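Here is a briefing on one model, for a reader who works with coordinates. Start with the backbone, then go to the ligand site and the rings.

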Amino acid sequence: MLILAIESSCDETAAAVLDMADDRRLVLSNIVSSQIETHALYGGVVPEIASRAHAEAVSGVVSEAVRAAGISLRNIEAVAVTFAPGLIGSLLVGVSFAKSLAYALGVPLIPVNHIRAHAAAAYPSNPDLTAPYLALIVSGGHTSLFDVRDYTDFSEIGSTRDDAAGEAFDKIGRVMGLPYPGGAAMDRLAAEGLRQKVTLKFPSPAIPDDTLDFSFSGLKTAVLNAIHTERQRLGLGDRDDLPDAFRAEVAAAFTRTVVDGVCLKLREALRRTNAKKLVLAGGVAANSHLRAGVEKTAAEAGAALYMPPKSLCGDNAVMVGAEAYYDFKAGITAGLDLNAFASDEGAEAAEKDFLARKI
Ligand code: KG4
Ligand code: ZN
């Protein structure tokens, strides 16, 4: 089945063409137009600017995805689009474009949940990965554990009660003067820091109770306090550069705390679900230290670990097309009244509606 997929939930306008079947997960094209440079000026994503940039880019990005796939629009058998969760104005651009394209081509419209799509990013490069599995999704908006009973049946068994891990990486990176978004730069800096002595200690994001939940706000505040204290000690202003060795130590201590805390709950989730397969996905899954920690945890639990390549950890449309195939098979399609939803709760309610309407 030739699927054209569109993603516009945050700051990447993306389109991809996939050829999907029960025994085939082929990526024919993958185009991502990033707005990072525009938002870097403001140190974070500005929603109004993001939706305008999506509106400007979407048509060109979709045309390019079709051209690069070496097919014609007439060959497309379904149009898939991220409809939730994300920035509402951004989502609406992709949803509106996908609706008109599906209508014009006379093909089904498949609404895709962004979080499930992150897990599906691991499908094309892992032909042997089949549900059920345990998924750890770590991104700019989510840090969650899912018991994935089937491709379309995700049950959240643990999540963050406040900030997501990616938000903490970005905020700390910004305060230390790293280029936006901070995650990738923090990854490199932590590697440098781990080569020196790390004495800083921060509170774990693993909530010390019998849930599988996380909290990153205490950790984030503790790291920010340590940075302010060091600035005061050295008589530095907010805009003055911190010493390189200190920044590297902060990045290393913070990253180690995140990885240890996430792996603590992951270990427990693997034990409780007895899962033999684990998927690590989401933007923060590109982090080399997290990948190494999760690899070790999975091996100790005797679970096979599947990860998307780093290039498919951040937002893209390949993951949307990969998930869409299984959604379509489960009867999840939408009409031209499809709406976008910012929250997980909105997405859940809408998904019940798609299934209720299933013919
Ligand atoms: O999944 P994603 O692209 O967007 C959301 O759905 O949220 O995740 C973006 C997040 C950002 O916070 C970014 O800093 C983080 O992923 N990120 C990383 C790395 N690469 C991207 N965080 C830590 N280490 C990285 N190498
Ligand atoms: Zn994402």
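Asn274 lies in the loop between helix H8 (244–273) and strand S9 (277–281). Helices (H or I, at least four residues) and strands (E, at least two) are DSSP runs, numbered from the N terminus. This is a predicted model: local features need pLDDT of at least 70, side-chain atom pairs count only at pLDDT 80 or more, and totals for chains, interfaces and linings use all residues. Residues are numbered from 1 along each chain as its sequence is written, chains are lettered from A and ligands numbered from 1 in the order in which they are written, and side-chain values use heavy atoms, with hydrogens and water left out.

**Backbone**
- Asn274 is not a glycine, yet its phi is positive, about 55°.
- Most residues other than glycine have a negative phi, and most peptide bonds are trans.
- Ala84 and Pro85 are joined by a cis peptide bond, with omega near -20°.
- Pro85 belongs to the loop between S4 and helix H3 (88–105).
- The bond from Tyr180 to Pro181 is also cis, with omega about -10°.
- Pro181 is placed in the loop between H5 and H6.

**Ligand site**
- Ligand 1 sits in the largest pocket.
- A pocket is an open set of points on a 1 Å grid over the protein atoms alone, where a 1.4 Å probe fits, with protein on both sides within 12 Å along at least five of seven lines.
- To sit there, a molecule needs more than half of its atoms within 2 Å of the grid points.
- The shell has 18 residues; His118, Gly140, Asp170, Gly283 and Asn287 come nearest.
- A shell residue has a heavy atom within 4 Å of the molecule.
- Helix H4 (114–120), helix H5 (165–175) and helix H6 (182–193) each supply at least two shell residues.

**Polar contacts** (N or O atom pairs within 3.5 Å)
- The backbone of Gly140 places a polar atom 2.8 Å from an oxygen of ligand 1.
- For the side chain of His118, the distance from a polar atom to a ligand 1 oxygen is 3.0 Å.
- For the side chain of His114, an N or O atom is 3.1 Å from an oxygen of ligand 1.
- Ligand 1 alone exposes 560 Å², and the protein buries 84% of that (Shrake-Rupley, 1.4 Å probe).

**Aromatic pairs** (ring centres within 6.5 Å; edge-to-face means planes over 60 degrees apart)
- The structure holds 10 aromatic pairs.
- Phe83 and Phe341 pair edge-to-face, 6.3 Å centre to centre with 85° between the planes.
- This pair links distant parts of the chain, 258 residues apart.

Definitions and conventions. Polar contact = N/O pair within 3.5 Å; in protein donor to acceptor, adjacent residues only side chain to side chain. 1 Å grid on protein atoms, 1.4 Å probe; cavity = no way out; pocket = protein on both sides within 12 Å on 5 of 7 lines; lining within 4 Å. Phe/Tyr/Trp six-rings, centres within 6.5 Å; stacked < 30°, edge-to-face > 60°.
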